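This briefing covers one protein model, grouped by topic for reference. Please read the points below alongside the sequence and coordinates.

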Amino acid sequence: MEPLYGPIRDYAWGSRSAIAALQGRPVPSDGPEAELWLGAHPGAPAAIERAGARVSLLDVLAAEPERWLGEQGVNRFGTRLPFLLKVLAADAPLSLQVHPDAKQARAGHAADAARPPEQRNYVDPYHKPELLVALSPFEALCGFRDPAESAEALAAFGVPALDPVVAALRSGVSGLRTAVRTLLTWPQEERAGLVAAVVAAPASGPDAELARALAAGYPADPGVLVALLLHHVRMSPGEAIWMPAGNLHAYLRGAGVEIMAASDNVLRGGLTPKRVDVDELLRVLRFEVLAEPVRRARSVAPGVDCWPVPVEDFALHRVTVGDAVPSAELSPVGPRVVLCVAGSVIVDDGSAALTLQRGQAAIGTAAGGPLRIGGAGEAYVASGGLS
C-alpha cells in the first residue's frame with residue numbers, strides 16, 4: 001500500500017468545512033470544496049509518489065496495467081480503473097439528474113461524436129451507477145415515490161395550472177412520464193409565475209418547505225416541482241442510497257463517501273445553470289417507483305460492513321477497528337483504495353504496511369494479498385466488484 005493524493009473539485013455547491021475538517025486543514029476553507037476524487041478519472045486523477053515527485057495515477061496504470069488492475073480487470077474493463085471513490089460535501093443542492101446505462105452510454109457517446117461539443121450529452125461510453133454512504137446527516141432526493149402521494153402534494157398548493165399534472169399522477173405509474181414531461185417543457189415565459197404561485201400558496205408541510213427552499217435558488221425552474229415527485233430522504237451516518245441507471249436524483253446537503261463507475265455522464269433536468277436536454281433525459285429516465293431508496297450496512301465479518309450492489313465495477317466496505325475489534329481482514333478484488341475517515345488505521349496488503357490518519361488515503365495493486373486493517377479508527381475500502 002502507498003499514499004494516494006486526491007484533487008479537490010471546487011464546484012459552487014460545495015462545503016467550506018466538511019473536506020477541510022476531514023483532512024485537518026483550517027475551517028472554513030478559502031472557497032467551496034465539493035468533492036475529493038480518489039481514482040484515475042481523466043477529469044481529475046489522483047497521484048502517487050515516484051522518486052520524490054507526484055505522478056498521475058493515469059500514467060502509473062498505463063505503464064503497468066496488469067500489475068495494478070489484474071488480468072481479470074484488464075480483460076473486463078481495459079486499462080482503466082473502473083471505479084472512482086469520492087468524498088462529496090454539499091452545502092447547496094446539486095442538479096436534478098439521471099445517468100445512462102451501459103448500452104445507452106455507448107450509443108450516446110458514438111452519436112455525440114458528430115455533434116458540436118456544446119450539444120453533447122455523453123462525455124464517455126460508460127455507465128455511472130453510484131452508491132453514497134452518509135458521513136454526516138445527509139439529505140437527498142432519489143427515485144420516484146408513489147404517484148398518488150405526489151399528486152396530493154401538488155394538489156395541496158391549490159394552483160389550477162397544475163391540475164393536468166395532478167390528473168396524470170392520479171392515473172398511477174403510467175402517468176409519470178406525462179407529468180414529468182409537462183413540467184419540464186412548461187412554457188419558458190410562464191415558469192417564474194408557476195413557481196411563484198407554488199411558493200406563495202398557503203400549503204404547509206415537508207413538501208411545501210422543500211419547494212420553497214429549492215425555489216430560493218431556482219425561482220423560474222420547473223425542476224422545483226419535479227423534485228416533489230421524488231423520495232425526500234434524510235439519512236443518518238452509515239446509511240446509504242443506491243442510484244442505478246435511469247433513477248432521477250439530486251443530493252441536497254451533507255457529506256458522504258461516494259463510489260461510482262468511473263464515468264462523467266450526467267443528464268440534467270433542472271436545478272442547475274448547466275445544459276438541460278429534456279428529450280434525452282426523458283429517453284433515459286426510468287418511470288418506475290423506487291420502493292426503498294435507503295440501504296443499511298450489512299455486516300460481513302467482525303468490524304467489516306458493506307452495501308452490496310449489482311454491478312461489477314466496484315464494491316465498498318467500511319472497516320471499524322479499536323478495542324472491540326483490534327484488526328479486521330478482507331479480500332478485495334483487484335486494485336483497492338482505502339480512505340481513513342476517523343482515528344488512525346494501519347493498512348497492510350502483504351507488500352508494505354502504511355499508517356493512515358483521518359483524511360488520508362492509500363492505494364494497493366491487484367497483485368496485493370488480503371488486506372489487513374488495524375489501529376483504532378474507521379476506513380472505507382473501495383475495490384472491484386468482480387468475483
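Which residue in S16 is the bridge partner of Arg298? In this predicted model, that partner is Cys306.

**Hairpin S15–S16**
- Strand S15 (residues 298–301) and strand S16 (residues 304–306) run antiparallel and are joined by three bridges.
- Two residues separate the strands of this hairpin, and Gly303 in the turn has a positive phi of about 80°.

**Packing of helix H8**
- Helix H8 spans residues 191–200, and its buried residues are Arg191, Leu194, Val195 and Val198.
- Viewed down the axis of H8, these buried residues fall within an arc of 90°, so they line one face of the helix.
- The cover over the buried residues of H8 includes helix H7 (176–184), helix H9 (206–217) and helix H10 (223–226).

**Salt bridges**
- Arg145 and Asp207 form a salt bridge through their side chains, at 3.1 Å from N to O. This pair links distant parts of the chain, 62 residues apart: Arg145 is in the loop between strand S9 (138–144) and helix H5 (147–155), and Asp207 is in helix H9.
- Arg145 is buried, at 12% relative accessible area, whereas Asp207 is partly exposed, at 24%.
- Glu152 and Arg170 form a salt bridge whose closest N and O atoms are 3.1 Å apart. Here Glu152 in helix H5 is linked to Arg170 in helix H6 (residues 163–170), 18 residues apart.
- Glu152 counts as partly exposed, with 45% relative accessibility, while Arg170 counts as exposed, with 52%.
- Glu329 and Arg372 form a salt bridge with their closest N and O atoms 2.8 Å apart. Glu329 belongs to strand S18 (residues 327–330) and Arg372 to strand S22 (residues 371–384), so this pair ties together parts that are 43 residues apart in sequence.
- Glu329 is partly exposed, at 42% relative accessibility, and Arg372 is partly exposed, with a relative accessible area of 42%.

**A buried lysine without a salt bridge**
- Lys128 is located in the loop between helix H4 (102–112) and strand S8 (130–134).
- Lys128 is buried yet has no salt bridge.
- Beyond its neighbours within four places in sequence, Lys128 is in contact with residues including His99, Pro100, Met260 and Asp264.

**Aromatic pairs**
- Five aromatic pairs are present in the structure.
- Tyr11 and Trp13 form a tilted pair, with 5.7 Å from centre to centre and 35° between the planes. Tyr11 is partly exposed, at 25% relative accessible area, whereas Trp13 is buried, at 15%.
- The ring centres of Trp307 and Tyr380 are 6.1 Å apart and their planes lie at 15°, so this pair is stacked.
- Trp307 is in the loop between S16 and strand S17 (315–321), and Tyr380 is in strand S22; the two are 73 residues apart and link distant parts of the chain.
- Trp307 is buried, with 2% relative accessible area, and Tyr380 counts as buried, with 1% relative accessibility.

How values were computed:
Residues numbered from 1 in each chain as written. Predicted model: local features only at pLDDT ≥ 70, side-chain atom pairs only at ≥ 80, totals over all residues. Heavy atoms only, no water. Buried < 20%, exposed > 50% of the residue type's maximum accessible area, 1.4 Å probe, protein only. Helix = DSSP H or I, 4+ residues; strand = E, 2+ residues; numbered from the N terminus. Arc of directions from axis to C-beta. Contact = heavy atoms within 4.5 Å. Salt bridge = Lys/Arg side-chain N within 4 Å of Asp/Glu carboxyl O. Pairing = 2+ DSSP bridges. Lys, Arg positive; Asp, Glu negative; His and termini not counted. Phe/Tyr/Trp six-rings, centres within 6.5 Å; stacked < 30°, edge-to-face > 60°.
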